[in-house]
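Please examine the sequence and the three-dimensional structure shown below.

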Amino acid sequence: KSNEIHVINNTSLELGDKGLVTFLGNSGCGKTTLLNAIGGLDNVNSGEIYIDNEKITTRRSGKRDNIRNAYVGYIFQNYLLLENYSVYNNLRIQLEVIGVLDIKEQRKRIEYALRCVGLFKFKNKKVRNLSGGQMQRVSIARALVKNCDIIIADEPTGNVDSENTIQIM
């Protein structure tokens, strides 16, 4: 169609089991679109995307969501947190979504993730009362708490100061 914009064309990549991959490019060049496609958030018109040997490109959105929940932690550029909930409850809800219902296990994972991002003392604070950098770190903790194989991070340190950027990376 004349109004369509094709962002990712003739692209093929295979990512190893371990390591850090970075996509660099100008604003608007398709980095977020590529990450959303890889993570199963955006549909693709052609081609194949696999996560842990499971093809996600032909799956219905519910099955794609299940695969993503099992294998992928997502750090969104705009946080996507529940602002009226506490920091702790934002992470607890993520654990419930993936089936971690044991309270002790939830507490252990949440406390570990919050300590990793330096926000343990804010665990009971409502997200709406945090700074942008703190919200970003809650978003990072939400991905870490899943203890998943893959973390997709869309500008994970864009709103974080240099000291916390080093700690997070």
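The largest nonpolar core holds 22 residues, and those with the most contacts inside it are Leu-91, Ile-110, Leu-114, Leu-130 and Val-138. A nonpolar core is a set of buried Ala, Val, Leu, Ile, Met, Phe, Trp, Tyr and Cys residues joined through side-chain atoms within 4.5 Å; buried means under 20% relative accessible area, with a 1.4 Å probe and protein chains only. Two or more residues are given to this core by each of helix H3 (87-97), helix H4 (103-116) and helix H5 (132-144). H5 supplies the largest share, five residues. Helices are DSSP runs of H or I with at least four residues, strands are runs of E with at least two, and both are numbered from the N terminus.

This is a predicted model, in which local features need pLDDT of at least 70 and side-chain atom pairs count only at pLDDT 80 or more, while totals for chains, interfaces and linings use all residues. Residues are numbered from 1 along each chain as its sequence is written, and side-chain values use heavy atoms, leaving out hydrogens and water.

In H3, the buried residues are Val-87, Tyr-88, Asn-90, Leu-91, Gln-94 and Leu-95. Seen down the helix axis, the buried residues of H3 fall within an arc of 165 degrees (taken from the directions from the axis to the C-beta atoms), so they line one face of the helix. Their cover includes helix H2 (61-71), H4 and H5. After H3 comes Gly-99, whose phi is positive, near 90 degrees.

Conventions:
Buried means under 20% relative accessible area, exposed over 50%, partly exposed in between (1.4 Å probe, protein chains only). Contact means heavy atoms within 4.5 Å.
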